[in-house]
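Subject: Structure for your review

Dear colleague,

Please find the structure below, followed by an account of what was found in it. I would be grateful if you would read the two side by side.

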Amino acid sequence: MKKFGWVISLVVTGSLLLSACGQSKETASSAASTTVKIGILKNVTHAPGFVALQNNYFQQGFGENAKIEVTAFDNGADFATAIATDQIDLGYVGPGPVINQYLKSKNIKVIAGANNGGAVLVARKDAGIQSVKDLAGKTVAVAAKGGTPDLSLRLLLKQEGLKVSTDTSGVQIVTRAPADTLVAIRQKEVDATLIAEPWGTQIIQEGSGTILVDWNKIPPKDGDYPLTILVASDKFLKEHRDLAKKAVKANKQGIEFIQQNPSKAYGLISDELKQLTGKGMDPALIKAAIDHLKLTEDISLEDINEQVKASFDAGYLKVKAEELDFSKFLDLTLLNEVKKEK
């Protein structure tokens, strides 16, 4: 009887071991097939992400079995739609577009900052514009309606008592992709642009424009506002919170590398731009752009509320800013964990 019981025990134990092995293989197989879809804009203001990708910080954090797919966007509105519809899992974008998207879908979280400032107001050289007030009756380009530069431009115009209009009675705001804006300035199709770096510097260096308002005077907070942040979808945070934490760490490593090794970083940024757009960039131009950025992984609810108010003032939000609660739009627990681990 004891012998029979021993045999039963052995069979059960063996079955459990086989089951465990099967689960182990299944888990390993699942890990091997994990794909993380990262979105990023084709701007030097997204430099922490460029460096993190080039230095394999994301890959090292996610593990060698994870596959990374990178999608490059021309504007934040397209990025926001993509992350809300699970076309991408996480990535770098400006606050404006994802704030607007969050109000629609409530399925996005800010998990870290990346860069504050980095946009300049440039006027076409022969447009007769010497001050912001001279923009009355002129056409100004931004990358996308509702984007962070668009909000900054509207704040700047409001400060100067100028109105936005669709005719020459006020300032006309039109949308152009950054690369198209360079062409539009050259061909005199637009008179000015509030544009993220390095595009502003490039317009200056080629001699077709002059800086009207430098990056550290752009509202809100004189350039010390989030221009690039790291966000993730709620679905990704729920299913792969460990990987999201690794992304936050990779972002932090990217920032620190640029701060500690600027000359090396310029080449890495150019290499990533070449992969994303097919064309690299002169390191001197990248340096000039980086000098107009305040790289930081920190971000606060106060920063977001500033952007929310700007969106409301611009007419993009129909509910008053003070009636909106954006506390759940931020999840900075992973960032706090990463900072404590150092």
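The model is a predicted one, in which local features need pLDDT of at least 70 and side-chain atom pairs count only at pLDDT 80 or more, while totals for chains, interfaces and linings use all residues. Residues are numbered from 1 along each chain as its sequence is written, and side-chain values use heavy atoms, with hydrogens and water left out.

T45 and T228

T45 sits in the loop that runs between β1 (35-41) and α2 (47-54). Helices (H or I, at least four residues) and strands (E, at least two) are DSSP runs, numbered from the N terminus. Not counting residues up to four places away in sequence, T45 touches N115, G117, G118, A196, E197, L227, T228 and L293, where contact means heavy atoms within 4.5 Å.

One of these partners, T228, belongs to strand β10 (residues 226-233). T228 is buried too, since its relative accessible area is 0%. Its side chain reaches the backbone oxygen of T45 at 3.0 Å. This is a polar contact, that is, a pair of N or O atoms within 3.5 Å; within protein, one must be able to donate a hydrogen and the other to accept it, and residues adjacent in sequence count only if both atoms are side-chain atoms. Apart from neighbours within four places in sequence, T228 is in contact with T45, H46, Y92, V93, G113, A114 and N115.

The chain as a whole

The chain comprises 342 residues, of which 51% are buried, and has 14 helices and eleven strands. Along the principal axes, its C-alpha atoms fill a box of roughly 105 × 45 × 35 Å. Of the contacts between residues at least 6 apart in sequence, 78% join residues at least 24 apart.

The mean pLDDT, the predictor's confidence in each residue from 0 to 100, is 89 for the chain, and 90% of its residues reach 70 or more. Over residues 1-31, however, the pLDDT is below 50, and this stretch has two contacts in the model beyond near neighbours in sequence.

Cavity and pocket

Grid points are joined across faces, edges and corners, and a volume is the space filled by probe spheres set on the points.

The whole structure holds one cavity of 30 Å³ or more. The largest cavity contains about 220 Å³ of space. Its lining has 21 residues, with L41, N43, G76, A143 and P149 nearest the centre. Helix α6 provides three residues, the largest share of this lining. By class, the cavity lining has eleven nonpolar, eight polar and two charged residues; Ala, Val, Leu, Ile, Met, Phe, Trp, Tyr, Cys and Pro count as nonpolar, Asp, Glu, Lys and Arg as charged, and the others, Gly among them, as polar.

The largest pocket has a volume of about 410 Å³. It is lined by 19 residues, and A179, W199, T277, K279 and M281 are the closest to its centre. At least two lining residues come from each of α7 (178-186), α8 (199-205) and α11 (262-277), and α7 gives the most, with five. The pocket lining divides into ten nonpolar, four polar and five charged residues.

Two helix residues

Q59, in helix α3 (residues 57-62), counts as partly exposed because its relative accessibility is 26%. Its side chain reaches the backbone oxygen of A66 at 2.9 Å. Beyond neighbours within four places in sequence, Q59 is in contact with E64, A66 and I68.

I83, in helix α4 (residues 76-84), is buried, with a relative accessible area of 0%. Setting aside neighbours within four places in sequence, I83 is in contact with I88, D89, L90, I108, V231, A232 and S233.

With kind regards

Conventions:
1 Å grid on protein atoms, 1.4 Å probe; cavity = no way out; pocket = protein on both sides within 12 Å on 5 of 7 lines; lining within 4 Å. Buried < 20%, exposed > 50% of the residue type's maximum accessible area, 1.4 Å probe, protein only.
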